[in-house]
Amino acid sequence: MPLLTLHRIAKTYDGGLAAIRRLDLDVERGEFLSLIGPSGCGKSTALRIIAGLMAPSEGAVGFAHGRPEIGFVFQEPTLMPWRDVLGNAALPLSLRGVSRSEAERRAGEALRRVGLAGFEHSYPRALSGGMKMRVSIARALAAAPQLLLMDEPFAALDELTRQQLNDDLLKLWREDGLTVIFVTHSVFESTYLSQRVVVMTPRPGRIFDEIRLKAPPGRTESYRLSAEFSADAAKVSQALKLAMQEGVETAHHNRNPGPV
Ligand SMILES: Nc1ncnc2c1ncn2[C@@H]1O[C@H](COP(=O)(O)OP(=O)(O)OP(=O)(O)O)[C@@H](O)[C@H]1O
Ligand SMILES: [Mg+2]
């Protein structure tokens, strides 16, 4: 039984902008799934709907075993500048009424797991972009989520830092049996990380295609350099190109002169 099911999800924002036309998707427990698609196709909207931060206009999100604990990692690390690293990572637990000592104990453990032991009392301004993102991941992990939603978390990082965080994320995913839905614009990142890549059309988004990747989970640097990786990335890239064309055709058919 899937951990979650998106059933005919559509979203039109107040004001009439259609962001998502239709999403039908089953996500298996323990799966690492990437959502890829052009800017504005509704990826962040989909994550917010899955997280329950926003209601869909149509359709429903179903959870097979009740709503799991959900962690959300945003594109921007969104740290509170006046709280230290430990205070930031503990914040969601504190807001839920977990005692300060318990919240800090769990946050401290999560910080160790993302490689930030020793930085508990640093302030965000003293951290690199990659370290801030690690704090943001620790903050999501501190509540021991079963489902981790990540919205282009590494887009702003340099390539090597991004690759390092990709590897660290795969390790966390394996260790915790997490289910991850990972939004990215990067063909290579989605190919490296995922068991399945779901490709969306331009806005209003719908699922155009999905590619199951056969490389074993728990990939390492050698996969990144393999012919298999190049072939997998080419498949994802091709699907994305076709999805973009689909959007162009749809826009053409529904041509509306719009404001001049
Ligand atoms: N709160 C909102 N009110 C109105 N329109 C919105 C709102 N949030 C997003 N949109 C619009 O909905 C569409 C989808 O936005 P969304 O942020 O989900 O796209 P995205 O796929 O995440 O894009 P990107 O890759 O650039 O992050 C966009 O056209 C956006 O302008
Ligand atoms: Mg987005």
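Begin at ligand 1 and select G40: a polar backbone atom of G40 lies 2.7 Å from an oxygen atom of ligand 1. This is a polar contact, a term that denotes a pair of N or O atoms within 3.5 Å; within protein, one atom must be able to donate a hydrogen and the other to accept it, and residues adjacent in sequence count only if both atoms are side-chain atoms. The model is predicted: local features need pLDDT of at least 70, side-chain atom pairs count only at pLDDT 80 or more, and totals for chains, interfaces and linings use all residues. Residues are numbered from 1 along each chain as its sequence is written, chains are lettered from A and ligands numbered from 1 in the order in which they are written, and side-chain values use heavy atoms, with hydrogens and water left out.

**The ligand shell**

Next, select K43, where a polar side-chain atom is 2.7 Å from an oxygen atom of ligand 1. In R203, a polar side-chain atom lies 3.1 Å from an oxygen atom of the ligand. On its own, ligand 1 has 640 Å² of accessible area, of which the protein covers 65%; accessible areas come from the Shrake-Rupley method with a 1.4 Å probe, and for residues only the protein chains shown count as cover.

Display the 15 residues around ligand 1; S39, G40, K43, S44 and T45 come nearest. A residue belongs to such surroundings if one of its heavy atoms lies within 4 Å of the molecule. Helix 1 (residues 43-51) supplies the largest share of this shell, four residues. Helices (H or I, at least four residues) and strands (E, at least two) are DSSP runs, numbered from the N terminus. By residue class, the shell divides into five nonpolar, six polar and four charged residues. Here Ala, Val, Leu, Ile, Met, Phe, Trp, Tyr, Cys and Pro count as nonpolar, Asp, Glu, Lys and Arg as charged, and the others, Gly among them, as polar.

Stay with R203 and inspect its backbone: a cis peptide bond joins R203 and P204, with omega about -10°. P204 is found in the loop between strand 8 (196-200) and strand 9 (205-212).

**Aromatic pairs**

A search of the whole structure finds eight aromatic pairs. Select F72 and F74: the ring centres are 4.3 Å apart and the planes are at 10°, so the pair is stacked. Rings of Phe, Tyr and Trp (its six-membered ring) pair if their centres lie within 6.5 Å; planes under 30 degrees apart count as stacked, over 60 as edge-to-face and the rest as tilted. F72 is buried at 14% relative accessibility, whereas F74 is partly exposed at 34%. Buried means under 20% relative accessible area, exposed over 50% and partly exposed in between (1.4 Å probe, protein chains only).

Move to F154 and F182, a tilted pair with 5.9 Å from centre to centre and 50° between the planes. The pair links distant parts of the chain, 28 residues apart: F154 is in the loop between strand 6 (147-151) and helix 5 (159-176), and F182 is in strand 7 (residues 179-184). F154 is buried, with a relative accessible area of 0%, and F182 is buried with a value of 0%.

For a charge over a ring, select R224, which lies over the face of Y192 at 3.7 Å from the ring centre. The criterion is NZ of Lys or CZ of Arg within 6 Å of the ring centre and within 35 degrees of the ring normal.

**Backbone stops**

Go to R8 in strand 1 (residues 4-12). R8 has a positive phi of about 50° although it is not a glycine, and is partly exposed at 45% relative accessible area. A144, in the loop between helix 4 (129-141) and strand 6, has a positive phi near 50° and is likewise not a glycine. A144 counts as exposed, at 55% relative accessibility.

Then select E31 in the loop between strand 2 (18-27) and strand 3 (32-36). A polar atom of the E31 side chain lies 2.9 Å from the backbone nitrogen of E28, and E31 is buried at 5% relative accessibility.

**Two distances to draw**

Select F63 in strand 4 (residues 58-63), which is buried at 17% relative accessible area. F63 and T5 are 58 residues apart in sequence and 6.5 Å apart in space, C-alpha to C-alpha.

End at R106 in helix 3 (residues 100-113), partly exposed at 29% relative accessible area. R106 and R219 are 113 residues apart along the chain, and their C-alpha atoms are separated by 28 Å.
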